[in-house]
Amino acid sequence: MSLFHSKVYGIVQGVGFRPFVDRLAARFHILGSVCNKGPYVEIFAQGSEEAVHAFLSAIESEPPERATILKLDTERLDAPETYTVFAIIESAKERGDIFVSPDIATCDKCRAELFDPNDRRYLHPFINCTACGPRLTILDSMPYDRERTSMGEFPLCLACEKEYTSPATRRYDAQPVCCNDCGPEVYIIGNEDCRGAAAITRTRQTIAAGGIVAIKGIGGFHLCCDAQNDAAVNRLRTLKHRPVKPFAIMMRDMAAIRRECHLEDGQEEMLTGHQKPILLLKRRAGGQLSDSVAPGNPKVGVMLPYAPVQMLLFDYPDGITMPDALIMTSGNPAGAPICRDDAGAREALSGFTDLMLSHNRKIRIRADDTVMDWLDGKPYMIRRSRGFAPLPFMLKNDFHGQVLGIGGELKNTFCVGSNNLFYPSPYVGDMSDLRTMQALRETIGRLTELLENEPAIVACDMHPRYNTTAIAQELGLPLFPIQHHYAHILSCMAENDCDEPVIGVSFDGTGYGTDGTIWGGEILRASYAGFTRLGHIAPFLQTGGDKAATEGWRVAVAMLYGLYNDKEKVTALADTLHLCAAKDLPAQFFMADSQVNAIRSTSAGRLFDAVSALLGIRTASTFEGEASMYLEFAAESYLTAQGLTPQAIELDKSSPDLRRLGLSNADKSNLAPSTADPSIILATDELFRHILAERLAGTDPQKLAFLFHAGLAACITAACDKAREHTGLTTCALSGGVFQNHLLVTLVSNALKAKGFRVLRHSLIPPNDGGICLGQAVAAMYHLNQ
């Protein structure tokens, strides 16, 4: 008989790992023990050498469905036979890298029990088991045991305790386990006597009658109404001051999704899996959803119910006929974090709602829904949160130490770095609101405590006036400022576990440059050690301060004035193109002439806004990225009308597709980078001039929207070619919010690959500012280790 000692690292807490090991031990006739140590699960295995090897092999090849094994270390012990049974022993805390499980959607077995009248958890809004239920959002400290969660407030009944303590059951060691007799309860805020079944029925009645309801879920409140009721959806838009930004939809089942949406390979598996994100799907014509759920948008964000209370909204034995599609948007005022308790909901949501359904299980950490797009058969993350955070990224580098990347000012998430593991947080929000700043402080405190991380250094954005920088300073740690666009490229490198230098293409709306100007269309040579700015789009004067970010007509006027330096000509053009009223122009000219409230910019995001205004698509935006998003939709509509796909487009001069679509060789030759300057300047000013001339000549705006994308992709490809000549590098990393644009990222990727480049893109980390925390943390960790 031999004795082996193993340590299993990964998501092995809260997923039924110890009872799984116990069952395998019985199968292979192994004696010993299994214990949750916090950072890892420890196993002592005694048996014949062949049996132990088979046992350990089965652990790696047959883990519980919600477990993720990152590493299994085993050593043989020279010790006498000491075990007479195999035992699950109580958790024992130990220091080391810690893995916290994200929240897990209700599993199929629990769903079946939820609707089984013979099951003792029939219609229980908090049903869960070892394979599903809340994790991160209820956790106080590690290791993950009931007394260290918000479920510790609910003593188990005898029946639940028997399941909780028996390795033979599906609920052995399931920390949130409970039933109708011993678990939390739902109730109506303001009418707390209306509880349980009565509260659910009243909520369903309100929704079915066209009302708006706030509903407390796993990670916070949602605002909910009938997604097929135009009046209800438009009322919610009015109350939330959200004219066109898309609402997320929760659908009863896959049948409803198939009726409303087209599905690509892999998307159904993602929708029905245990993470259940909001997935952006192409809408079918003639569906039943209100057009107001996502006005003018060819896609809609869809998810399936992932918590029992959501399943009960759709199906409950009370005789009410419910719609099979509900708006399920984050319960928060614009700019504020998602509400997580009754007091916050009363203060922030009562003006939006006819009713508020809550429950008495405390949410320790907010977790908004994850939002995911789909690109080339893979996830393309927009917002990484519930179901994914805080799963870590493991880098191959031998890093040691603990750091914090505090993230961006918009779409904030932060990242906790521990040795070679980097844990991005759930989504926090935009830092323009004091409530979001406080949520960031709270969540940093809780997550660093859970992960037993004491950062030695905190990385933040270089911008001196960002609120994230102020919060970083409050921590009393050494600050490590990181340039915004460099952080974007590092995040893409880290996600792809690439530690070799790359050519970084970092395109977004705004970032503070090392020269004090606004950057946003950057070509960088980047490595973990630092970066060099190789080039950028043609600079332009951005007038109007912060208003330029929401009013693209201002950028268009400033660019026209930069082209012609002629007030009369620009006034005439602004009138012809319906950019703005004549009375708005003198202030624009004054700012440009006197350099007041004007700054030199290379922002690719503002270039998109200017072209969108130029083409009459959007002169202003009501949410970040609106003008450029609808510019992309216009370009895609043109391609669809031509019977083409982005994958079919070649940017090479010999491409018959581009010739047919009207971008001639002569036009295209102007889009190569300028060589007059030592740095690489993308000729986006010439591209703007070309689009303007075609617009004035009466060319279809949708066609011009496509030609702008194709021309910009040609500029980027030529710039990378020139950067390769300078550096010898053959790997390009694409990052920044502009690369949420499927058309652009596809055109650029294909053109670069055709020229022999290796292309790194994002998948499970957003290309937008919600991803830069990973890059910041990696830069800080590299610095710490140097």
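Here is a short chat about how some residues in this structure get their labels.

Guide: Keep in mind that this is a predicted model, where local features need pLDDT of at least 70, side-chain atom pairs count only at pLDDT 80 or more, and totals for chains, interfaces and linings use all residues. Residues are numbered from 1 along each chain as its sequence is written, and side-chain values use heavy atoms, with hydrogens and water left out.

Visitor: Why is Glu260 called buried?

Guide: Buried means under 20% relative accessible area, exposed over 50%, and partly exposed in between (1.4 Å probe, protein chains only). Glu260 has a relative accessible area of 2%, so it counts as buried.

Visitor: And what makes Arg259 partly exposed?

Guide: Its relative accessible area is 27%, so Arg259 gets that label.

Visitor: How do you know that Glu260 and Arg259 form a salt bridge?

Guide: The term asks for a side-chain nitrogen of Lys or Arg within 4 Å of a carboxyl oxygen of Asp or Glu. For Glu260 and Arg259 the closest N and O atoms are 2.9 Å apart, and the pair forms a salt bridge.

Visitor: What does the side chain of Asp342 make a polar contact with?

Guide: With the side chain of Tyr187, at 2.6 Å. A polar contact is a pair of N or O atoms within 3.5 Å; within protein, one must be able to donate a hydrogen and the other to accept it, and residues adjacent in sequence count only if both atoms are side-chain atoms.

Visitor: What makes Asp354 and Arg235 a link between distant parts of the chain?

Guide: Their side chains meet in a salt bridge (2.9 Å, N to O). The two residues are 119 residues apart, with Arg235 in helix H6 (residues 230–240). Helices (H or I, at least four residues) and strands (E, at least two) are DSSP runs, numbered from the N terminus.

Visitor: Which other salt bridge links distant parts of the chain?

Guide: Arg364 and Asp140 meet in one (2.8 Å, N to O), and they sit 224 residues apart.
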